[in-house]
Amino acid sequence: MKMTLEIASAAFKLPFTEENLGVFGESLDLHKTLFGLSNPKALSIPVEGTFTKPQWLYQRAIKSLSSLFGIVVNTPGKKSKHRAEAVHEKHCELCKEAIEVYGMLGPTVGNLFSEETWNVLLGILFGIADYLMKNEKERSNERLRPLIIECAILAFIQSGSRDMQFLEKYFTVWAVHSEVLNYWHSLCRGLTERLASILFRTSKNPPLQQKDELRKCLVIQSKSSKKLIEIKDDYAVYLWYLSLIHISEPTRPLYISYAVFCLKKKKKKK
């Protein structure tokens, strides 16, 4: 497994040219194998009753895959504009596939991750998102940003993390991007509906009646997708507090919730 990882990592150090496109695709497939995504029922990384042994491999594979996003694409000369656009498009497609790989980790092998590995994954995902947010010159980033934002938020929820540093650090900075605000609002709406289902699950009011499996899920409905994530009641309440009370509206210049804002305003009137 160590040799496979070395081979997969080395491929991302090559120049991104037409000649090397096949190598990058094969490297991406090797990462899937390392994570056990090629055949989820038969994990490629052995687990012997402890988190200790495979974690370094998971972590290095997670970091290695992120190298794909920082690659400088070497395109042909100006005379071959069509070929240059094709190479850029291929890089974008590979990045989208890499995001899909990251997105599959939580549902498939996330139960094997230690807390440290989850933190590595979250750090990488939010780091990639921040890089794409700041690098606005690349047109392809416009297509990648909504995907990585969704992937990072879902990974945060799937990890069960109660560490707010990732959301606090980045979301107020990213608020200038409409896709961030749109997904944030979708998340807040989903959490509010989830909280309502917890509070009123015994109600006879038809709109509040849900199937048993949906009562356990957080539903995030965005323009392009609908995600159902099974989470416990106490964590749903925590996330609702985090998004609506602690961080509140990401466009606020300071870390102040609407509830705190109202309290301060009330004190000034007195």
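Lys 96 and Glu 93 lie 3 residues apart in helix H4, a separation of about one helical turn. Helices (H or I, at least four residues) and strands (E, at least two) are taken as DSSP runs and numbered from the N terminus. The structure is a predicted model, in which local features require pLDDT of at least 70 and side-chain atom pairs count only at pLDDT 80 or more, whereas totals for chains, interfaces and linings use all residues. Residues are numbered from 1 along each chain as its sequence is written, and side-chain values use heavy atoms, with hydrogens and water left out.

The side chains of Lys 96 and Glu 93 form a salt bridge, with an N to O distance of 3.9 Å. A salt bridge is here a side-chain nitrogen of Lys or Arg within 4 Å of a carboxyl oxygen of Asp or Glu, and by this rule the count is 7. Lys 96 has a relative accessible area of 26% and is partly exposed; Glu 93, at 34%, is likewise partly exposed. These classes follow relative accessible area (buried, under 20%; exposed, over 50%; partly exposed, in between; 1.4 Å probe, protein chains only).

A salt bridge also joins Arg 143 and Glu 89, at 3.0 Å from N to O. This pair links distant parts of the chain, since Arg 143 belongs to helix H6 and Glu 89 to helix H4 (residues 81-109), 54 residues apart. Relative accessibility is 38% for Arg 143, which is partly exposed, and 33% for Glu 89, also partly exposed. In a further salt bridge, the closest N and O atoms of Arg 194 and Asp 233 are 3.1 Å apart. Arg 194 is in helix H8 and Asp 233 in helix H10, so this pair ties together parts 39 residues apart in sequence. Arg 194 is buried, with a relative accessible area of 2%, whereas Asp 233 is partly exposed at 29%.

Strand E1 (residues 217-221) pairs with strand E2 (residues 226-230) in the antiparallel sense, over 5 bridges. Pairing requires that DSSP find at least two bridges between two strands. The two strands, E1 and E2, form a hairpin with 4 residues between them, and Ile 220 stands opposite Lys 227 of E2.

In helix H5 (residues 115-134) lies Leu 122, which is buried at 0% relative accessibility. Beyond its neighbours within four places in sequence, Leu 122 is in contact (heavy atoms within 4.5 Å) with Ala 152, Ala 155, Phe 156, Ser 159, Ser 161 and Phe 166. The C-alpha atoms of Leu 122 and Ala 155 are 6.9 Å apart in space, although the two residues are 33 apart in sequence.

A cavity is defined on a 1 Å grid over the protein atoms alone as a set of points where a 1.4 Å probe fits but cannot get out, and its lining residues have an atom within 4 Å of a point. Grid points are joined across faces, edges and corners, and the volume is the space filled by probe spheres set on the points. The count is 1 cavity of 30 Å³ or more. The largest cavity has a volume of about 60 Å³, and its lining includes Ile 153, Phe 156, Trp 184, Leu 239 and Ser 243. Helices H6 (141-159), H8 (178-199) and H10 (233-246) each supply at least two residues of this lining. The lining residues comprise 9 nonpolar, 1 polar and no charged, where Ala, Val, Leu, Ile, Met, Phe, Trp, Tyr, Cys and Pro count as nonpolar, Asp, Glu, Lys and Arg as charged, and the others, Gly among them, as polar.

Note on methods: 1 Å grid on protein atoms, 1.4 Å probe; cavity = no way out; pocket = protein on both sides within 12 Å on 5 of 7 lines; lining within 4 Å.
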